Structure formats: structure tokens, C-alpha cells
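Dear colleague,

Please read the notes alongside the coordinates.

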Amino acid sequence: MSRASLTLLAMILLLLSPLPPRHLTQAQGEQRPLLTVKQIMNAIVTPTTGTIWGAYQLQTDAEWKEVENAALAVIAAGDLLTAGGAGAGETEAAAEADWQAFNGQMIEAARAVLSAVEARDEEALSSAGNDALYPPCESCHQQYQAR
Ligand code: HEC
């Protein structure tokens, strides 16, 4: 057998192999989540909500942009939390209606932050942050954070 056909054979065998590497199947997103809820909270939710809640006397476009990006990242976190997390019991928790409701409220609140940013309205921003964004954190933690 020529070298070229050996290579071809190897490639075909690889394509036919029934078990692709695990990290590839996970990256396709329909398997289990890659991050635990705790990691999502600490890596995404906490720093970005810190930016939103700390926003004060915004002036430059760059300052508003930072808040906008933070709100987008909260939505991304919400998107991940729709499936729960990689920790024990976290996809099961996310299957519950309450979890989806609290998560949906957090996403809606982040959308209200985006509207406030678009309007350059700091009062709307602070009410979206305090009245809409904070309550779902509390509700979800009361019900799902282990004490
Ligand atoms: C849909 C449910 C849900 C929502 C909404 C939610 N969290 Fe969480 N959060 C959790 C759960 C569950 C834990 C506990 C994770 C653990 O300990 O494994 C947690 C833990 C945390 C922690 C502690 C992390 C640690 O190291 O122990 C912080 C901080 C946190 N959340 C911040 C927030 C903030 C801020 C918001 C709102 C903007 C929020 N979370 C919204 C479910 C939620």
C-alpha cells in the first residue's frame, strides 16, 4: 500500500471511530454544561453586576459602553444558567420552573439596563439595577443556594 493510501485509510478510520474526544462533544453545547453555577457567579455575574451597580456619573461613551458590555455579559450568564451548571444537581435545579423564572427576571433586568444605556439615562439605569436586577439574585439564592 502506498504512503498516500495509508494516510487516507488512517483518516477514514478516524472519521469512522465511534467515540470522538470528550472535549469535542462537550464543545458542541448539547452535552453537560462546562462551568459550575459557582464559577458562573464568580467569573461572570459578580464582576459584571459590580460594574452595573457601581455605575455613577457616567460621562464618556467608553464609560457607558462598559456598562453595556456588563449587561450583555449578565445576559450571557443567564443563557448559561438556563441549562444550570456542571455541579451535582445543577441541571436538575435548572429544570424547575422557579429557577427559570428567577433567571428570566435577571435577563430581563439586564435588558432594562441596556435600554437605560441606550437612552443615556442614569436614573433608569439605577432603577433597573436596584429594583429589577437585584431581586432575582436574592430569590434564587434563597431557594437554591445551599446554606
Ligand atoms: C437562577 C438562579 C440564580 C440567580 C438568578 C443568581 N444566582 Fe447567584 N447563585 C446561585 C446558586 C445556586 C449559587 C450557589 C452555588 C454554589 O454554592 O455552588 C449562587 C451563588 C452566588 C454567589 C456565591 C459564590 C460563591 O463563591 O460561593 C454569588 C456572589 C452570587 N451567586 C451572585 C449573584 C448575583 C449578584 C446575582 C444577581 C445579579 C445572582 N447571583 C443571581 C443561583 C443564582
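Axes here are lines fitted to C-alpha atoms, for helices over the stretch in contact, and angles run from 0 to 180 degrees between N-to-C directions; helices are DSSP runs (H or I, at least four residues) numbered from the N terminus. This is a predicted model, in which local features need pLDDT of at least 70 and side-chain atom pairs count only at pLDDT 80 or more, while totals for chains, interfaces and linings use all residues. Residues are numbered from 1 along each chain as its sequence is written.

Helix 6 (residues 97-118) packs against helix 7 (residues 122-144) at about 165°, with the axes 9 Å apart, and the two helices are therefore roughly antiparallel (an angle over 145 degrees). The crossing of helix 6 over helix 7 is left-handed, a term used when the near helix is turned anticlockwise from the far one by less than a right angle. The residues of this contact comprise 17 nonpolar, four polar and two charged, where Ala, Val, Leu, Ile, Met, Phe, Trp, Tyr, Cys and Pro count as nonpolar, Asp, Glu, Lys and Arg as charged, and the others, Gly among them, as polar.

Helix 4 (residues 61-81) also packs against helix 6, their axes coming within 9 Å and crossing at roughly 160°, which makes this pair roughly antiparallel. Here too the crossing is left-handed.

Technical notes:
Angles under 35 degrees count as roughly parallel, over 145 as roughly antiparallel, 65 to 115 as roughly perpendicular and the rest as oblique.
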